[in-house]
Amino acid sequence: MKKFLLSLAVFLIAGLFIIQPSQAQTSPLLTENIEIGTEATDSGEATPEGTLASPSAETIQKIQEQKDQDITQAEGEQKSKLVRYLEENPLENKNFTNLLQQSIRNAVEEGVPPNVIVLVLLFPLIASFIAASRHIIGLRGFGIYIPAVLSIALVSTGIIEGIAMFLVIVLVALPAKKILTRFKLPYLPRTAILLWFVSLAILGMLLLAPLINMVTLMTVNIFSIMILVLLAENFLDAQARTKPLNAIALTIETIGLALLSSFLLQWENLQKFALLQPELLIVFTFSINFIVGKFVGLRFAEYFRFRSLMEEE
Amino acid sequence: MSIKPSHILGHNGRYRYTALNSRESKKFGFSKLRTKELLKQYNIPTAELYHVFDSPDDLEIINWTNVPMPFVLKPASGSAGKGIWVIEKKIEDRAIWIDSQGKRINEDDLNLHVHNILDGEFSTWGSNHKALIEEMIPSHSKLAKLSYGGTPDIRVIVFNSVPVMAMARIPTKKSGGKANLDQGAIAVGIDMSTGITTHGIYGKKKTIETFPDSKRKVRGIMIPEWTKVLETAVKAANVAGYKYMGADLFIHPEKGPMIVELNGYPGLSIQIANDAGLKKRLERVEGLEVRNAQHGVKIARALFAEVFIDESKIGEGTPIISYRPSVQVYDDKRKPHTIDALINTSRYRSAISQELAEELGHYDIEDLLWRQQEIEGKVPVIEIELKIKNHRFKTAMVVIKRLNRTLHKIELGRRDVQGFLVGDNE
């Protein structure tokens, strides 16, 4: 009971902080401010352009180019490309088999970004791809969630930059973890200090990015960074549990799966298919998992693992 | 007989068996504490529990110097041996302990480790973390000389109340005294019938002939109290309600086999250690009516016996028997009877006439292993002790009425004439 009251108190205090400003905001001007505020955090690059000294025209253009290639960006070229594609392929006969497509078209006309719709539709396909490679080939990786989300992060950061960032995080976290065991701190503060190290390393990279002219790093969004931190945490955990070589193998498998998935996500024909045939895609992803789940035979990797049993003596 | 891919249990195939376990039983695999309470209730031996930490407040009342030595400090719901501290010695008159790796540990270290366990550093599941202090089980003298540091454990896979496969996990220098295959412990396959080790693997795949630290042979080690090991594993599976599981046991030098933990998702490497497929064995046991743990163990011994070519007898040459040999069978009072037999290699399992089985006193429910489909219908399979030449062994025989009318009362199948040459001049 005591514990319950304590958590209720924490919740109420947190609630106060949220409610207080909104109660004060009776004037429309303030609400507008808040909206602008949220927009600015969504695209972290907006602030440096506005408030700090303006970057060179060349860099701005490079940043824009980067955004244009990135399907996860809500204001890039990718979005208008997909909108155009929808306009070029109008729906001829509307009936109940393409109800979903009709609603997608409506939503896009009203301003829902089509690239987000495509990503939402393709995400379960990515997950199915990872599930199938586990069940039939036997690639392990860190579960299904990490490689699936990582694939979207890699699409956003770019492959080389993403992996480089991951390596930097791991290279900082590994020795940091070793050093921290000497201080004999409890688990949670110890982990918090580990995250302190990781955050400083990322900050360092962000500060270095303009100096070495790495544009992708300059436009990177916070969620991709967080996903890379999550992956690094999984790697460290695996390292503590099994042999170092095994932890590295698991990580490489995870990144490999994420890479293949990110290629799938970026495949233009697939994106277009998702927009024009969403019904087919949905039914396909469901049924493929059903079939994969019914497969009870040996996985490809298991033939290799148990080969000594099958060899004639 | 070579092993086909369809004999091997893979991850996808395992799901079919783990899905048979009830939701209730699976909970035991996630909590060592829950398992302990259950085992205690049914008088199944397990390491004694000295203390449970529910919250950091408990640290104020514990007096570490009063904990009986040696002890183990571990999370209640960890996996893969994470966060287990084995405290072997205490320095007299001082609050300093020595762990299994020779590291010195003081009270602050112990308190910090309890804190970390309660914060969930080592737990794979759940949010209600608990830390346990329990009795450390010393190695049995027969196994102690094989291992480096820690205590070897025995993993037994149980399905449908029948132990189907077993291995010993032996700590090495490289595994830091832990009986964990991922960390470099050695896995040794065990013959279900005799409890004698057969093959050894290192690092989950490499076959080895000798132990890396002691240089002793991997083959031919007799696991102490084998029948009791198997029976304890089956009993634990039954009380926890598991249809398919792996039981981990330690063998205490005085108290005998003890359950360490029950695992609802036992690993598949045990097949490599035994050089045998698990799926084939599971299929043979599925659907059998097993009366109790003793019956289950009997079935396992009859079904999964390895063929040993007795190395000590190789020097004497392979024994020759005629195709109509006289063999000795033992009745229920273990008295030998000489019987005319016929070798029939079209059979796998040997057969015995029903009348002879009745005469020997083996035709009752106690000796029934299982029933098997034959031309005569579903006939019983019973356990028979047999002696051919100088070779005496227990085997399973099909009871057949047809043999009541023939001159020979026993037909020897392929299984029981292995290791013999058949010829006219005996």
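The legends below describe close-up views of a predicted model.

In this model, local features need pLDDT of at least 70 and side-chain atom pairs count only at pLDDT 80 or more, whereas totals for chains, interfaces and linings use all residues. Residues are numbered from 1 along each chain as its sequence is written, while chains are lettered from A and ligands numbered from 1 in the order in which they are written.

**View 1. The open sheet of chain B has six strands.** The strands, which are DSSP runs (E, at least two residues) numbered from the N terminus, follow the order β1-β6-β2-β3-β4-β5 with antiparallel pairing, where two strands pair if DSSP finds at least two bridges between them. At the edges of the sheet are β1 (49-53) and β5 (104-106) of chain B, each of which pairs on one side only, and from one strand to the next the twist averages 30 degrees. Strands of a sheet pair through backbone hydrogen bonds, either parallel or antiparallel.

**View 2. Strands β2 and β6 of chain B run antiparallel.** Five bridges join β2 (residues 71-75) to β6 (residues 131-135) in chain B, and B:Lys74 has B:Leu132 in β6(B) as its bridge partner.

**View 3. Helix α5 of chain B lies across strands of chain B.** Helices are DSSP runs of H or I with at least four residues. Helix α5 (residues 107-118) lies across β1, β2, β3 (85-90), β5 and β6 of chain B, and runs at about 80 degrees to β5(B); axes are lines fitted to C-alpha atoms, for helices over the stretch in contact, and angles run from 0 to 180 degrees between N-to-C directions.

**View 4. Helices α8 and α9 of chain A pack against each other.** The axes of α8 (residues 145-157) and α9 (residues 159-183) of chain A are 6 Å apart, at an angle of about 115 degrees. Their contact (C-beta atoms, placed from the backbone, within 7 Å) is made by A:Ala153, A:Leu154 and A:Thr157 of α8(A) together with A:Ile159, A:Glu161, A:Gly162 and A:Met165 of α9(A).

**View 5. Chain A touches chain B.** Here 21 residues of chain A are in contact with 24 residues of chain B. On the chain A side, α10 (187-208), α16 (300-305) and α17 (307-310) each supply at least two residues, and α17(A) gives the most, with three residues. This side of chain A has ten nonpolar, five polar and six charged residues; Ala, Val, Leu, Ile, Met, Phe, Trp, Tyr, Cys and Pro count as nonpolar, Asp, Glu, Lys and Arg as charged, and the others, Gly among them, as polar.

Conventions
Two residues are in contact if their C-beta atoms, placed from the backbone, lie within 7 Å.
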